[in-house]
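The notes below follow the order in which I looked.

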Amino acid sequence: MIETKQYTAGEELVNLFTANREMYNEGCPVFMNGAREAALEKFYKAGIPSKSNEDYKYTDLRPVFQNDFEVVPRYVEQSVDLHEIFKCDVPQLNSHIILLINGWYYGRNRRVGEFPEGVICSSLQHAANEHPEIVEKHYNKYAAASADPMVNLNTAMAKDGLFFYVPDNVTIEAPVQVINIMYSKENTLALQRNLFVLGKNSEARIVFCDHTLNENYYILNNLSECHIEPDSRFGFFSVQNQHNGAVNITSFFANVEKNALLDTNTVTLNGGVVRNNIKVQLVGEHAHANVNGLTLADEKQHVDNFISIDHAVPNCTSSQLFKNILDDHSKGVFSGQIHVFRDAQKTEAFQQNNNVLLSETAEMFTKPRLIIDADDVRCSHGATVGRIDEDALFYLRARGIGEKEARLMIMFAFADQVLSQIAVPVLRERLEDLVERRLRGELGPCQHCTLNNKK
Amino acid sequence: MTEQDKILEKATSEDYKFGFTSDIETDIIDKGLNEDVVRIISAKKEEPEWMLEFRLKAYRNWLKMEMPNWAYLKIPPIDYQSISYYAAPKKKPQLSSLDEVDPELIETFNKLGIPLEEQKHLAGVAVDAVIDSVSVKTTFKETLAERGIIFCSFSDAVKEYPDLVKKYLGNAVPAGDNYFAALNSAVFSDGSFCYIPKGVRCPMELSTYFRINSANTGQFERTLIVADDDSYVSYLEGCTAPMRDENQLHAAVVEIIAMERAEVKYSTVQNWYPGNKEGKGGIYNFVTKRGICRGDHSKISWTQVETGSAVTWKYPSCVLLGDNSHGEFFSVALTNNHQQADTGTKMIHIGKNTRSLIVSKGISAGVSNNSYRGLVKVSKRAENARNFSQCDSLLMGDKCGAHTFPYIECANKTAILEHEATTSKISEDQVFYCNQRGIKTEDAIGMIVNGYAKEVLNKLPMEFAVEAQKLLAISLEGSVG
């Protein structure tokens with residue numbers, strides 16, 4: 001019998017942990033459990049982030065944790081086959097499909113496919129016990145320094161997630177699709193922890209899809225750490241498509257070594273409260289990071305993208321492009337930071353944030369920050385908030401295109417600047433299609449998601 | 001009798017109640033801050049009850065606040081109890097001729113091109129009673145009085161124009177606005193009050209007068225400028241001459257109220273002591289400046305040249321309340337050696353068709369840190385708001401930092417907001433080009449920096465623009481090579 005309790009306030013999470021310490025430690029190796037206490041202490045001191053936390057200035061998470069929800073410290077076997085009830089309708093993606101349920105690696109994954117020799121793709125807890133030499137070297141090495149309470153909560157309480165390891169000189173052609181499903185009879189807080197390690201001169205692409213399978217209240221606190229060895233290429237694409245009442249707090253930490261390339265794109269199509277923390281550290285020379293994102297929000301959705309890129313060594317390049325299209329009462333937040341460390345000369349870092357407000361009541365908050373401690377650098381940032389360009393609209397209408405269609409064309413072109421950079425062609429085409437339908441007001445979410453599974 | 005003399009006499013005569021006069025310098029209040037100190041300050045200044053209430057309210061607010069720590073600054077803890085909150089302005093030692101003045105100071109004066117008589121005044125040399133500046137001052141006063149312009153010290157204003165002060169004080173910066181503003185509201189020493197009546201265009205830059213007056217401004221200064229309907233005034237605070245002051249902490253407040261169609265142009269040149277090359281000493285400059293464009297079609301324009309102070313924490317802001325009102329902010333902030341600056345502006349769009357423009361030029365040299373921090377906020381009913389912000393940073397040397405923290409909050413879809421920022425350094429090509437033409441590297445850097453800052457310097461009143469250019473070059477001395 002699994003003991004589950006109802007908890008309300010964030011502080012009580014700490015009590016929950018202390019009361020069930022054995023259960024949280026159960027099955028995890030010492031290095032995972034050892035990190036829990038320090039993180040819990042930091043979480044306890046900071047509490048659930050509110051507006052008084054400068055990093056959460058525009059996103060108050062306290063109300064989010066006011067609802068009743070349960071936390072499940074053990075894997076629960078599902079009575080139904082998730083492969084049957086969830087079918088991603090991107091069939092051409094032709095990828096490895098890995099399911100995770102409420103933050104746990106699904107026990108009956110059967111569409112993983114064949115990987116080249118040496119690749120490890122498994123549950124994190126499993127890998128931590130089976131391959132401690134790899135996991136211990138990287139586990140909590142990049143997230144530990146974070147002051148973010150949500151990151152610390154994850155380190156303190158998460159037990160499982162995806163572990164993905166690509167050995168030196170291995171290229172995985174097909175993208176790996178990871179589907180994070182929230183599906184429970186109860187309102188649930190899920191804590192998922194992932195670790196990706198790419199060996200030297202390797203290549204892989206991971207597509208994260210966040211879904212909810214019913215209308216319960218879900219909080220997903222999903223943290224990924226990623227270590228990219230020299231000369232490797234890693235693509236991380238996140239497609240967030242949860243129902244309007246769900247909360248998605250996703251953190252992504254990347255450590256990018258010499259000559260390595262990181263390409264990430266976060267597309268938020270739907271969700272209730274979404275917070276994306278992306279922290280990239282360029283620690284080897286000539287490393288490059290592309291960090292892009294697109295948000296389409298309506299109703300009362302709240303989407304916060306919090307980006308931080310550290311240029312720790314000379315000769316690295318990075319580029320950020322984030323766009324928001326906000327309708328109804330939605331709120332968009334962008335906080336992007338470029339930090340060029342002392343002596344990180346010849347850095348080139350660019351940041352761009354463009355936002356369109358479609359309704360009288362939508363709001364946008366943007367905070368594009370530069371912290372530059374070296375002089376021989378090229379850095380720039382730009383941010384705009386506006387409406388659809390009337391001149392462009394006139395141009396199209398003068399050519400016989402109806403107003404509605406013209407507006408759609410302009411908005412789509414605006415969004416496509418982000419989508420066109422996605423390096424997985426089938427995913428890009430699929431997202432372009434989804435975004436277009438979303439903009440047209442046809443309910444865009446993947447067909448097998450929430451809206452078709454309401455029963 | 002000058003302002004300072006009056007205050008000094010008043011204070012000393014109170015202390016020595018038996019008609020005993022003395023010219024001994026006295027710090028009247030012991031170090032430390034409590035409610036009694038606030039009461040004593042108010043009593044010393046013979047303030048009415050409402051003024052005391054204002055101070056006490058601010059003091060009680062201040063007690064509940066914590067010193068803000070969000071700025072990108074490293075400030076050692078400040079012991080607010082080790083500061084004396086009321087001291088009659090000390091008389092500077094009177095020197096008999098310029099020969100006795102620190103030659104370094106004289107050299108700086110010469111580089112800035114400050115006229116000889118003014119040099120004497122600024123350096124504290126005893127000056128003849130009939131020198132030009134004094135007579136000029138009197139003439140100015142007459143001209144201003146003719147037009148009904150009120151321009152006097154804050155203490156005088158409280159006594160002579162209590163209705164006006166009462167009506168406008170705390171409008172733009174309420175007593176509990178922020179930590180430093182609350183501290184200032186509780187203990188402010190003195191400052192200036194300026195009222196421009198309806199339809200009057202102030203015939204001169206209030207700068208010139210103020211500059212002569214400004215040699216002895218206090219530690220907690222308070223300025224209130226009210227421009228009534230259809231009026232115009234240009235005001236210059238500060239001085240290009242180096243300001244050596246013993247007080248380490250400066251927390252000033254400036255409030256501007258612009259009524260219908262009024263325009264206020266406020267320019268600052270700040271050149272407080274920045275500390276020595278090792279970062280020892282220097283002034284902490286924590287200033288709250290805010291203007292309200294209350295009337296329709298009103299305009300407030302801030303221009304600042306910040307070259308001094310060890311730590312600068314300053315965000316001159318505009319609240320664009322009236323429809324079609326207009327806010328502007330032009331800034332050059334230069335940091336060298338161990339200086340730190342976190343400065344920028346806030347533009348709060350509330351009225352319809354409001355516009356704002358932000359041009360910020362940061363220059364960092366040595367091991368200094370220079371941050372731009374600005375907020376552009378568009379409220380729900382601010383239809384057709386328009387903002388353009390540009391923040392450029394220039395880095396000189398590989399040990400300094402230039403940072404940008406813009407905040408944009410938009411709640412109206414008709415708004416068009418743009419923000420641009422770039423970071424660059426002086427290219428070797430540019431310096432080489434100048435060298436080839438016989439211009440020394442140091443002069444070349446000065447030229448390039450001035451070209452970079454020209455957009456802002458052009459906004460300064462003419463005479464100060466010239467001095468400010470030289471000031472930039474002087475502040476950068478020793479940072480090249």
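I began with the strands and found that β21 of chain A (residues 378–386) runs antiparallel to β19(B) and is joined to β19(B) by seven bridges; strands are DSSP runs of E of at least two residues, helices runs of H or I of at least four, both numbered from the N terminus, and two strands pair if DSSP finds at least two bridges between them. Opposite A:His381 I found B:Ala421, in β19(B).

I noted that this is a predicted model, in which local features need pLDDT of at least 70 and side-chain atom pairs count only at pLDDT 80 or more, whereas totals for chains, interfaces and linings use all residues. Residues are numbered from 1 along each chain as its sequence is written, while chains are lettered from A and ligands numbered from 1 in the order in which they are written.

I then looked up the contact between the chains, which takes 32 residues from chain A and 29 residues from chain B, counting two residues as in contact if their C-beta atoms, placed from the backbone, lie within 7 Å. On the side of chain B that touches chain A, the elements giving two or more residues are β17 (386–396), β18 (401–410) and β19 (416–425) of chain B, and β18(B) has the largest share, 10 residues.

Last, I turned to the domains of chain A, whose bounds come from an automatic or database domain assignment: domain 2 covers 285–385, and domain 1 covers 1–194 + 208–224 + 235–255 + 263–284 + 422–455. Their C-alpha centres lie 23 Å apart.
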